[in-house]
Amino acid sequence: MRIPGTISVEPANFAVYLMGGIPLLFLLGFVLLLVFGSRMKGGAAIALGVSGLALALVIYGLVYGRGEAASVEWFKIGENALNISIKQDPYSRLMLLLVVAITFLVHIFSLAYIEKDPMRHRYWAYLSLFSASMTGLVLASNLLLVFVCWELVGVASWFLIGFWFKKPEAAKASQKAFIVNRIADAGFIMALMLIWREYGDFDFPSRLAPNASWLTHFLIGFGLFVGAIGKSAQFPFQVWLPDAMAGPTPVSSLIHAATMVAAGVYLLLSVEPIFIPEMKLVIASVGAFTALIAAISALTQTDIKRVLAYSTVSQLGFMVMGIGVGASSFAFLHLIAHAFFKCGLFLVAGAVIHGIHKAQDKEHLHFDAQDMRFMGGLRRKMPLVFACWIFFAASLAGLPLFSGFLSKDGIVIGAMEFASKNGFWAWLIPGAAILTSLLTAFYITRQGVLVFLGRNRAQGAGAKDSFFAALPKTDLRMLIPLLILALASTWLILSPKDPIHIHYFKMPTENFPMLPWALAGLAVTGIGFGAFLYRKGPLPSRVNSFVFDLSFKHFFLDDLYTGFLVKPFLAITRLLALFDHYVIDGLVRLVSGLILRKGHRPSLSTAAEWTDHHLVDPVVNEVIQPQEKHSLSRASAWIDQKFIDRIVNGFAGTIMRAGKRVGQLQSGKLQLYILYTILGLLVLLLALIYIFTA
C-alpha cells in the first residue's frame, strides 16, 4: 500500500491508525461542543462520549496495534522533507494510555463538579481542546510537531486556568502561566534550530550528532531542558503552577496529573540520549533543588490545593532528577504512579471544596472554602473520600505496597549511585532527595489531619453548629473516579505479581540493599511527626517569622521576580513612554505647530497638505509660471493636480490607514496577542530554518 504524498510506508495495522486519530477525535469534540454545546445542556454527553471512545480506541490499539505507522510528507525545506508519522515506542504508548485514562476519569468527576456552572459548555469544549493537544503531543513523531502541540497545550491551559475569568486571580494566573511558559519556549526554539542544523531533520535524536562540537551539544540539551522545565514547572520557572489553582479543581487535577506538567518530563525522556554528562549534572541538580524547596514550601500552606501544587512541583523535581542521574526508567515509572495518586489527591480536594460550597450556600455563609484552618472532622461526613485519600497519601509518602514506593525509591537509589561516581558535591543530590522524602510524608500527613481528623473548625470562620450537619454526601459521580484511582495507587498497576517488590529489591539495590527499608522508615517517621504535631489542629502562624515566610512565600521567588525583573522592566517602559510623549511627540508637535496654520490639528495628512500648498504650489506657480506665462502654467497646473497632489494625498492617506491598522494590533485583547505570538514564532522558526539551510 502506498499513500499519495508519502515517502515511505511501514507495515502497520488498522489499530495503530485508530490510535493516531485520537487527537482528531478530541478536536472534533471541541468543534461540536463549540457549535452545539450550549444547546445540549452544556454538552456533557458529547464530551464524555468522545473521551470514552478515545479510551476504548487506545486500549484496542495497545492490544491489537502492530508495526509502525506510515510516514507522510508534511512539507519540504529545500531538499529536506519533514515527515509525520505516529510515534510508537513504549514511552508514547503508555503515556497515551495514561493521558486518556486520566482525562476520562476527570470527565466523569466533572459531571457533578461543573453541572451548575452557566458556562459549562465552554468548560467541556476547552477540556476537549486540551486533550487533543496533549494526545497530539504524545503521538507526534518529530520535535517540530511536538512544538506545535506544545503551544496548543499552552493555549488550552490558558483557557482552562482562566475559565472563571471574572475573578481577577484567575485572569492573572492564566496570563502568568502563559507568559512564563513562552519565555521558557525560547530555549525550545533555539534547540530546534540547532537540531535542524546538526541533524538535518526534526526527528527525536537517538545519539549525539557526529560532527557537532561540545558547545553545540550542550546548547541543544540546554535549550530543550529550558523548554521542558517551563512546562514542568522547575526552578526558576515554577512560579506559575501554584497560581494556576485558580481554575476549576478537575482542571488542576488534569494539569497536575498526566498532561501539561508531565509534558516537560516526557520531552526530556524522549531526547535523553543526546544529553552530555555536564548537562545531566545540570538536570539532576535543578531537579533536586526544585524538589527540596517545593517540599519546604508545602509545609506551611493553608490552602488545600496549594499544598498539592507545591507537592506536584516537588515530585516533578524527583522525575527530572531521575533523568539527570540516569534512572530514566524509574523517572517514567514515577510519572505514571504520580499521575494516579496526584490526580486522586486533587479530586479529593475538589470533593471537599464542592461539599463546603454547598453547605455555604445552604447556610448563607462566605468564607474561604479551600482554607484548611476552617476544616477538620470531615472523615465523618465523607468516609469514602477519606479512605481514598489514605491510599493516595500513602503512595505519595512512599510506603511499601503503594505505587510511589517503587518509583520514588528507585530514583533515590539511582541518585546514590550517581553520587558515588561523581564525587563529593554530587552527594548533595541524593541528600536533597532523602530530605524531600521525609518532608513529603510530613506535609501530606499535616493536610490529612487538618482536613479529616479532629473537630470541625468552621466556627472559626463564623459558621454555626448547623454548618457541619449541612455538609452533603459526596456525589457518586465523584466517588467512582476516586475509587478507581485509589486502586491504581497500589502495587497492582506497577507490579501486579510482586506486592512487596521482591524483584525490585534484588535488582537495583546491589550497592544499597537496605536503602528502601530506610526510606520507608523515614516516611513513617514523617507521618508520625506530622500526626503528633497537628493532632490538636493548626499551629499558630508566625507571620513575622522569616523562616515561616521563607516557606509560605516559596523563598520569595515572586517578590524577587517582581523586584528585579518586573519593576525595572515597567520602569524602563514608563521612561520610554515619557520619552515618546515629551521628546518625540513634542518635536513632532513643535514642527507641526511651526509649519501649520494656527488652529489646525497637527497630523501627517494636514502636514502633507500644507507642504503641497505652501511649498510645491508656490514653486510651480511663482517660479515656473513667470518664465512661461501661459502654456507652461497650464502644464504645471495639470502636473500639479494629476501627479503632485495625488502623490502627496496618497502618501498621507497611506500613512493614516497604516496608523489605524497598526493601532488595531494594540487592542488590549490577550487572545489576539497570543495569536500574534504564535504566528511570530512560526515565522521566526521558518525564517531561521531557511537561513540555516540556504
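Strand β2 (residues 71-77) and strand β3 (residues 80-84) run antiparallel and are joined by 5 bridges. The model is predicted, so that local features need pLDDT of at least 70 and side-chain atom pairs count only at pLDDT 80 or more, while totals for chains, interfaces and linings use all residues. Residues are numbered from 1 along each chain as its sequence is written, and side-chain values use heavy atoms, without hydrogens and water.

**Strand pairing**
- Two strands pair if DSSP finds at least two bridges between them; strands (E, at least two residues) and helices (H or I, at least four) are DSSP runs, numbered from the N terminus.
- I77 has N80 of β3 as its bridge partner.
- The hairpin of β2 and β3 has 2 residues between the strands, and G78 takes a positive phi near 65° there.

**Helix α10**
- In helix α10 (residues 249-257), 9 of 9 residues are buried, where buried means under 20% relative accessible area (1.4 Å probe, protein chains only).
- S252 lies in this helix and counts as buried because its relative accessibility is 2%.
- Beyond residues up to four places away in sequence, S252 touches A244, M245, G247, K305 and F346, contact being heavy atoms within 4.5 Å.

**Nonpolar cores**
- A nonpolar core is a set of buried Ala, Val, Leu, Ile, Met, Phe, Trp, Tyr and Cys residues joined through side-chain atoms within 4.5 Å.
- M95 and I102 touch the most other members of the largest core, which has 202 residues.
- Helix α14 (residues 328-363) supplies the largest share of this core, 21 residues.
- Another core, of 6 residues, lies apart from it and includes A394, A397, F402 and A523.

Notes:
Buried means under 20% relative accessible area, exposed over 50%, partly exposed in between (1.4 Å probe, protein chains only).
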